[in-house]
Amino acid sequence: MANDSTATSHPKYHLHHFVDAEQQFDSAKMGMWVFLVTEILFFGGLFAAYIVYRAWYPDLFTEASTELNTLLGTINTIVLIGSSLTVAMAIRAAQLNKTKQIAINLGITILLACAFMVIKYFEWTHKFHLGIFPGEFYTYEGIAHPKASVFFSIYYLMTGLHGIHVIIGIGLMTWLLIKALKGEFGSQYYTPVEITGLYWHLVDIIWIFLFPLFYLIE
Amino acid sequence: MTGHHISTYKTLLGVGGALLILTLLTVGVRYLHLPHPWAIIVAMGIAIFKASLVALFFMNLWWDKRFNTMLLLSSLVFFGLLVGFTLLDTLYRPSIIPGF
């Protein structure tokens, strides 16, 4: 098979160093999963910090989490779940050659991701207004616990790193949307939609854990 | 390209609906004020179940090559090692270092 690759015509997305488009697709997907492993361990360091500090100061976490708005957190969780659903819908549309639906679903995903960041913006600016900043810049006096700033340092680091991932996701989805509008995706080739989808679902999974760990402590 | 799993609308909407209900459930459970160890156990149990639904049906691991599932699980094993060995130190200090 490998020797006659120059003789046969093959589609432009099929790179010559892969046996066929199927192997190319599987390799791209596996590569993305390896990247997601590094992402999990990247966030893992912060989750470890959370666990260490919560074990040291359990009362601090119960007390400080009351400053977080459960309603906004719940809305954001639902928004992200919805965006995961529309990404999965976009992949299905690509598999079925429904080009218009790919673009519609990607468009809704971008809007939901932006809605998530807008809500996050309001949550953060409200805290800044109260003087709840990370680390030594913390000036809020509404929480009696002497280590109150520690909780919010971890909160800002974890939701901030997650927010950066959402912003990168918006960029990737916009790139996909432009390609989708040019009609570049179909059942024969949709690898970028598939692997960006995997990234987006991981961002959703990270939030699924951040939400109860910060907003639902009792 | 043959053999790619195409999820039905029923599966996708079913998983999305389940995630929505589980989100409302985990918020609702908070107001039950469960006694100490149970609140975090139930909250993390629901979160792990939700994450599994996303991984299996949105990320397609259910139908995918098992190798990708192994990659995901290996990351969790190494995360466990990170947390486990860190706690062996931090949980057994005679006193917390004041600057921490």
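## Contact between chains A and B

The contact draws 40 residues from chain A and 38 residues from chain B. Two residues are in contact if their C-beta atoms, placed from the backbone, lie within 7 Å. This is a predicted model: local features need pLDDT of at least 70, side-chain atom pairs count only at pLDDT 80 or more, and totals for chains, interfaces and linings use all residues. Residues are numbered from 1 along each chain as its sequence is written, while chains are lettered from A and ligands numbered from 1 in the order in which they are written.

On the side of chain B that touches chain A, the elements giving two or more residues are helix 1 (9-30), helix 2 (36-58) and helix 3 (66-90) of chain B. Helices (H or I, at least four residues) and strands (E, at least two) are DSSP runs, numbered from the N terminus. Helix 3 of chain B gives the most, with 13 residues. By class, this side of chain B has 24 nonpolar, 11 polar and 3 charged residues. Ala, Val, Leu, Ile, Met, Phe, Trp, Tyr, Cys and Pro count as nonpolar, Asp, Glu, Lys and Arg as charged, and the others, Gly among them, as polar.

## Chain A overall

Chain A has 6 helices and 0 strands. From the N terminus on, its elements run α-α-α-α-α-α. The radius of gyration of chain A is 21 Å, well over the 17 Å that the globule rule gives for 218 residues, so chain A is more spread out than a compact globule. That radius is taken over C-alpha atoms, and the globule rule is 2.2 Å times the number of residues to the power 0.38. Along its principal axes, the C-alpha trace of chain A spans about 75 × 35 × 25 Å.

Of the 218 residues in chain A, 39% are buried. A residue is buried if 20 or more other C-beta atoms lie within 10 Å of its own, exposed if 12 or fewer, and partly exposed in between, with C-beta atoms placed from the backbone. Among contacts in chain A between residues at least 6 apart in sequence, 76% join residues at least 24 apart.

## Helices 1 and 6 of chain A

Helix 1 (residues 21-56) and helix 6 (residues 191-215) of chain A pack at an angle of about 20°, with axes 10 Å apart. That makes the two helices of chain A roughly parallel. Angles under 35 degrees count as roughly parallel, over 145 as roughly antiparallel, 65 to 115 as roughly perpendicular and the rest as oblique. Axes are lines fitted to C-alpha atoms, for helices over the stretch in contact, and angles run from 0 to 180 degrees between N-to-C directions.

Helix 1 of chain A passes helix 6 of chain A in a right-handed crossing. A crossing is left-handed if the near helix is turned anticlockwise from the far one by less than a right angle, and right-handed if clockwise. Helix 1 of chain A contributes residues including A:F25, A:M32 and A:F43, and helix 6 of chain A contributes residues including A:I195, A:L202 and A:L213. This contact has 12 nonpolar, 1 polar and 3 charged residues.

## Helices 4 and 5 of chain A

Helix 4 (residues 99-130) and helix 5 (residues 148-181) of chain A pack at about 155°, with axes 9 Å apart. That makes these helices of chain A roughly antiparallel. Their crossing is left-handed. Residues of helix 4 of chain A, including A:I102, A:L106 and A:I110, meet residues of helix 5 of chain A, including A:V166, A:I170 and A:M173. The contact divides into 16 nonpolar, 7 polar and 1 charged.

## A:N105

A:N105 sits in helix 4 of chain A. With 26 C-beta neighbours inside 10 Å, A:N105 counts as buried. Not counting residues up to four places away in sequence, A:N105 touches A:T86, A:M89, A:A90 and A:A93. The C-alpha atoms of A:N105 and A:V87, 18 residues apart along the chain, are separated by 6.5 Å.
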